[in-house]
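Hi there,

Here is the structure I said I would pass on. Have a look at it first, and my notes follow below.

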Amino acid sequence: MKRFAAGLVLAALAAAPAFAQKTVTFAYQDMIVPLRTVQVELGWTRTDEEGAGEFGATEAPGTLVRLGVHPKLELRAAWAGWIELEERAVGGTERASGAADVEIGAKLMLAE
């Protein structure tokens, strides 16, 4: 079973592409979801920044799906949802929107 779990973690990590973009942020939880349990978390994020120009971003519905596959291992799929960006400057306002990337990963409990 240990080889299966280690292989599953490596396969999940190898399948997840590396992105240099903002990642989905959820409240940190130090526990693994129980075996054969699916947990779905939903959220909404609004960011406003001021400086040389004003910047705003909205992400919804932020989604995290957690699947317990072993007492010490969970698989995860996360999606920030639809992202709308707005930058306001002296020359005008620019807007962009689109779907965020899906992130796939795993969480392994090494010690309690």
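Val38 counts as exposed because its relative accessibility is 55%; the classes are buried for under 20% relative accessible area, exposed for over 50%, and partly exposed in between, with a 1.4 Å probe and protein chains only. Val38 sits in strand β1, where strands (E, at least two residues) and helices (H or I, at least four) are DSSP runs numbered from the N terminus.

Before I go on: this is a predicted model, in which local features need pLDDT of at least 70 and side-chain atom pairs count only at pLDDT 80 or more, while totals for chains, interfaces and linings use all residues. Residues are numbered from 1 along each chain as its sequence is written, and side-chain values use heavy atoms, with hydrogens and water left out.

Val38 also belongs to a nonpolar surface patch with Val40, Leu42, Val65 and Leu67, and together they have about 440 Å² of accessible area. That area comes from the Shrake-Rupley method with a 1.4 Å probe, and for residues only the protein chains shown count as cover. Patch residues have over 30% relative accessible area and no salt bridge; nonpolar side chains (Val, Leu, Ile, Met, Phe, Trp, Tyr) are joined within 5 Å and like charges within 9 Å. A salt bridge here is a side-chain nitrogen of Lys or Arg within 4 Å of a carboxyl oxygen of Asp or Glu. β1 (38-49) and β2 (54-70) each give the patch at least two residues, and β1 has the largest share, with three.

A polar atom of the Arg66 side chain is 2.9 Å from the backbone oxygen of Met31.

Two backbone details are worth a look. Arg36, in the loop between α1 (2-15) and β1, has a positive phi of about 60 degrees although it is not a glycine. Most residues other than glycine have a negative phi, and most peptide bonds are trans. Arg36 counts as exposed because its relative accessibility is 71%.

Best wishes

Note on methods
A polar contact is a pair of N or O atoms within 3.5 Å; within protein, one must be able to donate a hydrogen and the other to accept it, and residues adjacent in sequence count only if both atoms are side-chain atoms.
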